[in-house]
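Look at the structure first.

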Amino acid sequence: MKAKAKAGEAPKRPVRVITVTSGKGGVGKSNLTLALALALAKLGKKVLIWDADLGLANIDVLLGLSTTATIHDLLNGHKSLSEIIADGPAGIRILPAASGILELGELAEGQKQRLLSEFDDWNDELDFLLIDTAAGIGSNVVYFNLAAQERIVVLTNEPTSITDAYALIKVLATRYQQHNFHILPNQVAGPKEAKNVFELLSTVADKHLGPVSLHLIGFVPKDEAVREAVRAQKPFLITDPESQASQKVMDIARRILANPPDEFAGGGLVFFLNRLASFGGTVD
Ligand SMILES: Nc1ncnc2c1ncn2[C@@H]1O[C@H](COP(=O)(O)OP(=O)(O)OP(=O)(O)O)[C@@H](O)[C@H]1O
Ligand SMILES: [Mg+2]
């Protein structure tokens with residue numbers, strides 16, 4: 001499993017760990033996480049999705065997959081990480097949502113070592129870890145967002161969605177000094193509406209939150225192809241790759257690849273898990 005860089009080869013960049021998150025629920029996080037994973041895979045990248053939300057339309061359901069093993073089976077020694085990670089389309093992989101709460105901060109030392117070592121084995125197999133978080137400002141959402149290297153905040157052009165995105169950014173910025181956010185307007189009519197949504201959010205953030213840096217990473221239009229794909233339990237990037245929504249997601253994936261984070265620091269699976277455990281994050 002472990003494929004360490006051979007002598008003379010440049011060391012591999014650490015896995016980029018990115019959350020897809022939102023203040024308000026139902027804005028499109030799960031669909032966009034899946035689409036982004038597939039878009040990055042189309043561009044030659046190896047991607048794992050961590051389904052960190054036991055919502056209704058979770059990643060399993062969107063793919064019509066039925067997974068049974070969870071990270072709990074890893075910690076009680078019944079399964080290895082490779083047995084829990086499910087294969088999705090186009091080579092993407094999925095770490096399914098677990099039911100029942102697991103306090104990462106309260107793991108026995110042996111369990112923690114096992115978790116870290118199994119994830120460490122996967123470092124060389126992956127380029128990206130995309131995390132589909134729950135909505136809101138619950139502690140787990142906050143911890144996943146703090147532990148990740150980058151954050152994509154999804155919102156729609158509705159006052160509640162914009163206000164709730166602001167509330168999430170406010171908590172992360174003022175209580176935890178996390179100042180950098182990618183902003184992704186979804187279900188908009190086009191670039192003009194996306195820019196309006198972004199400006200509404202960034203004007204309030206600039207005024208009240210001081211040094212936050214919000215960056216418009218692109219937008220995804222409201223597109224019937226998404227709803228049809230949800231009904232068919234297949235990702236829209238596969239059922240309708242020519243749709244507007246698919247094309248805009250491809251643009252975002254290209255932008256993500258063109259803009260890697262400056263430093264190596266902050267990436268990598270083990271670094272992420274250690275940080276998550278230090279905040280007392282849970283898996284549920
Ligand atoms: N770009 C889009 N165009 C049309 N419909 C969309 C689009 N994005 C999302 N939707 C619709 O919104 C619904 C909710 O999307 P999704 O389940 O991805 O949201 P979520 O943010 O993950 O929700 P939750 O907070 O419950 O986890 C989808 O089932 C789909 O019908
Ligand atoms: Mg969801």
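Asp60 sits in helix 2, which covers residues 59-63. The model is a predicted one. Asp60 has 18 other C-beta atoms within 10 Å. A buried residue would need 20 or more, and an exposed one 12 or fewer. Asp60 is therefore partly exposed. Beyond its neighbours within four places in sequence, Asp60 contacts Leu65, Ser66, Thr67 and Pro96. Glu125 lies 65 residues from Asp60 along the chain, and their C-alpha atoms are 21 Å apart.

Next, the core. The largest nonpolar core holds 86 residues. Leu36, Ala37, Ile49, Leu130, Val153 and Val249 touch the most other members. Helix 1 (residues 29-42) supplies the largest share of this core, with nine residues. Val249 touches Leu32, Ala35, Leu36, Ala39, Val220 and Leu237, with residues up to four places away in sequence left out. In soluble globular proteins, nonpolar side chains tend to be buried together.

Now the helix pair. Helix 6 and helix 12 pack at an angle of about 145°, and their axes are 9 Å apart. The crossing of helix 6 past helix 12 is right-handed. The table gives the residues that make the contact.

| Helix | Contact residues |
|---|---|
| Helix 6 | Tyr143, Phe144, Leu146, Ala147 |
| Helix 12 | Phe272, Arg275, Leu276, Phe279 |

What is the make-up of this contact by class? Seven residues are nonpolar, one is charged and none is polar.

Methods:
Residues numbered from 1 in each chain as written. Chains lettered and ligands numbered in written order. Predicted model: local features only at pLDDT ≥ 70, side-chain atom pairs only at ≥ 80, totals over all residues. Axes fitted to C-alpha atoms, helices over the stretch in contact; angles between N-to-C directions. Helix = DSSP H or I, 4+ residues; strand = E, 2+ residues; numbered from the N terminus. Left-handed = near helix turned anticlockwise from the far one by under 90°. Contact = placed C-beta atoms within 7 Å. Nonpolar A, V, L, I, M, F, W, Y, C, P; charged D, E, K, R; others polar. Core = buried A, V, L, I, M, F, W, Y, C linked by C-beta atoms within 7 Å.
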